[in-house]
Amino acid sequence: MTAKVFQYAPAAPELEDDPVRGELMHLNMGPQHPATHGVLRLKIDMDGENMRNVEPVVGYLHRGKEKTCESLGWAKFLPHTDRLDYVQPLMNNCGYLMALEKLAGLAVPERGRLIRVLLMEISRIAAHLIYLGTTAIDLGAVSMFFNTFKERERIYTILDAYTGHRMNNSYIRMGGVYADVDPEVEGKVRAFLENFPREIDGYEAMLTGNRIWYDRNRDVGVLTREEALAWSLTGPNLRATGVEYDLRKNEPYSGYEDYDFEVPVGTVGDCYDRYLVRVEEMRQSVKIALQALERIRDTRGAEFLAEDRRYVLPPRGKVHTSMEELIFQFKVVTDMRLPKGEAYVGIESSKGELGFFVASDGRSNPLRCHIRAPGLMNVQAIPLLAEGRLFSDMVAIIGSLDFVMGEVDR
Amino acid sequence: MSQAPAQRETRERIAKALEGIDHQTSESRDGMTCVDVDRDGLHETLLRLRDFAGFSQITFVTAIDRHPAEPRFEVAHQLWACAYADRVRVRTRVNGDDPRLPSCVDLWPGAGFMERECFDMFGVGFDGHEGLKRLLMPEEYEHHPLRKEFPHQGIEPDKLYREWDAARRAEWEASS
Amino acid sequence: MGPLTPSALEPVETADAGFLATRADALVNWGRKNSLWPMPLGLSCCGIELMAMIGPKFDIARFGAEAARFSPRQCDLLIVAGTLTWKMAQACRTIYDQMPDPKWVIAMGVCSSSGGMYDSYAVVQGVDSLLPVDVYVPGCPPRPDAVIDALLKLQKRIERENPLKRVISGPATELDDTGTGARVYQPNAAVRRSMLDRHPHAPRAPRPLPHPGGEEEPS
């Protein structure tokens, strides 16, 4: 494995059939395959049961998000960010708007940041639940899918009550969030969070010590620290190799420096370590979300949305009664102008570093909005981990790298 | 800004690593250090930033198209130093008639997909990247969608599908 | 399990098909509609809601459609869940062609119904430019309740079909246009060949209603 580190293998070369070892079989996996978690296609050259050459083909869900941003404008692109990594829509909202806020120099009030942290951590739990459920079902543990979806449905119910939709919420706004958390929702979130660690114990009782799960994951897809850095892997995949780097800790945003939590790291860097890191991250997310809830309770009544009318939508009630607010609403939606310049914000999403690189030339249409997708880098690492291994390890590797095609292809 | 000392430290480190290379350092609006170099010095700059300034990972490679202006493409490589928790953006401007840059796949294998995406979307070529081909659009696609002159709704978006469909139909009709 | 409904028991006005055929039709339709095997073409966000639909809370097993198979050869209901791009269109059409007759299609979500919010260079503006669609479900993504409603509507529609009529009056001599050697079969007669030749950005021509039990394609 390590001999291959700094060589990028671009495409499968024309393989000559070896008369001694028999023909290589060209296997096409995807784009419609249940274990590829979306529309990923893998071209695999098989030597018996061993994978000789793997080439991921992406782009089957390329919808032209970045072009869409350029033609729609800053404000109207917000709902499109939901559909990037659609298992954690609120996190994408946050990342995009934080980049715009950085470019505009807009500060978010304390309570707005607290609510964002709460929503981001709940999104992280929801995303890791999808990882756990789908990876487990691919490796044969079908009941895990139902267990994780049971909890996901609880999150959906809470978000449905609070944001108005089960997923693709588009709930974060420039300068804060759309509406305040009311005490009823707060109680529901608290009840969910207090119950959730017991559910994690249940998942761990089913998987962590399970002989089949252990054998299918341990020492499969081993990444070293150097490989992970060179191949641009971030997030849980990087931390599983032992690099203790979490953007929430090391480059804090949205007030994460005030929370008490730990960053789990792995030791070996295999699929099993990535699983352990993600399970522990869910526990830490619960911890952060509970702290955020405490503070939300303490700051009730405080402002949660900035007042700058150049960028921030006026409250809905005022739009119907005040002429100025109506004009502001119209201006923000159709013609929001950000200052000239470039800004980059990277946030710790459940897949890795989700970055938004925005550039404005001072006009109402964006000059460029590049989305740095962690999933694309995770897909790129599949050949590194899979080549030379048995084909049955492929589903474990794909599952443990954890990507969502909506974000990979954009 | 509160990060001013850290910013200064980053800039000193970069200046030390890039001694002897023609470059300008500036600060972008988000407070990140930006290094402007020309095309010929790009590879050497990236190599030195990796080896002497500790920038161990490449975060993204992308381009900005400033269409009527020339040079129209501004290619940005953003690097991240794990040990120092800081970042730098290296910007290079290239002309629209000859958009080529040296590739940095030999420095960071993770740049492979990023450069392919940049080539796919803008038509910016990367010398030294062996497998440079389209990433997101089909390989036979003719346009570069993120160029400013390309319309949002595309030019004949269904062309490849219709060709495939016609070929399939002809094959079937010949066989039956 | 639905009952043998009276609407399916009404006699068919043809010379060959009489009382017996009507009864047999009802029986076949009853079997078909209560054991739909979906092929979940989970492309994007809607795929997650589709998983939630199969999951514990919504549980489409209650309607006999929980046997999701990822091989098109085993399925008779294609659920296109999510954004279909032109790059994926060939795969989607191939999957549809590989499904055995009779087959039905649900377009889940606005993206697959009409292109939805993506009016861009890469997205198919509605899967009905490639496939005949039986039920459209709006929403981005639609709630699982909405998809279950679509399933029930499709079941009602299946009830009205006359599967035995073709057997009695002889097999169709005309070959399907799918390129798979399949015969023209009534549930999919709704799509016209010329629909494929329409530019997706061109304004939609008014579509004739799908012909529920007809002998020929509507002109």
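Predicted model: local features only at pLDDT ≥ 70, side-chain atom pairs only at ≥ 80, totals over all residues.
Q: Let's start with chains A and B. How many residues of chain B are in contact with chain A?
A: On the chain B side, 28 residues are in contact with 39 residues of chain A.

Q: Which elements of chain B each supply at least two residues there?
A: Strand 3 (57-65) and helix 3 (111-122) of chain B do. Strand 3 of chain B gives the most to the side that touches chain A, with 6 residues.

Q: And what kinds of residues make up that side of chain B, by class?
A: The side of chain B that touches chain A has 15 nonpolar, 10 polar and 3 charged residues.

Q: Back to strand 3 of chain B. Is it enclosed or exposed?
A: Strand 3 of chain B is largely enclosed by the rest of the structure, because 9 of its 9 residues are buried.

Q: Which strand is joined to strand 3 of chain B, and how do the two run?
A: Strand 4 (residues 73-81) of chain B is joined to strand 3 of chain B by 8 bridges, and the two run antiparallel. To take one residue, F60(B) has Q78(B) in strand 4 of chain B as its bridge partner.

Q: Switching to chain A. What does its domain assignment give?
A: It gives domain 1 (2-57) and domain 2 (65-409) of chain A. Their C-alpha centres lie 31 Å apart.

Q: How many residues does the contact take from each domain of chain A?
A: It takes 19 residues from domain 1 and 21 residues from domain 2 of chain A. On the domain 1 side, strand 3 (residues 50-57) of chain A gives the most, with 7 residues. That side of domain 1 divides into 10 nonpolar, 6 polar and 3 charged residues.

Q: What about helix 4 of chain A, how far does it reach?
A: Helix 4 (residues 110-138) of chain A has 29 residues and reaches 42 Å from its first C-alpha to its last, close to the 42 Å expected. Since 28 of those 29 residues are buried, helix 4 of chain A is largely enclosed by the rest of the structure.

Q: What follows helix 4 of chain A?
A: G140(A) follows, and its phi is positive, near 105°.

Q: Last one, chain C. How many helices and strands?
A: Chain C has 7 helices and 4 strands. From the N terminus on, its elements run α-α-β-α-β-α-β-α-β-α-α.

Q: How much of chain C is buried?
A: Of the 219 residues in chain C, 44% are buried. Among contacts in chain C between residues at least 6 apart in sequence, 75% join residues at least 24 apart.

Definitions and conventions:
Residues numbered from 1 in each chain as written. Chains lettered and ligands numbered in written order. Contact = placed C-beta atoms within 7 Å. Nonpolar A, V, L, I, M, F, W, Y, C, P; charged D, E, K, R; others polar. Expected span 1.5 Å × (residues − 1). Buried ≥ 20, exposed ≤ 12 C-beta atoms within 10 Å, placed from the backbone. Pairing = 2+ DSSP bridges. Domains from an automatic or database assignment.
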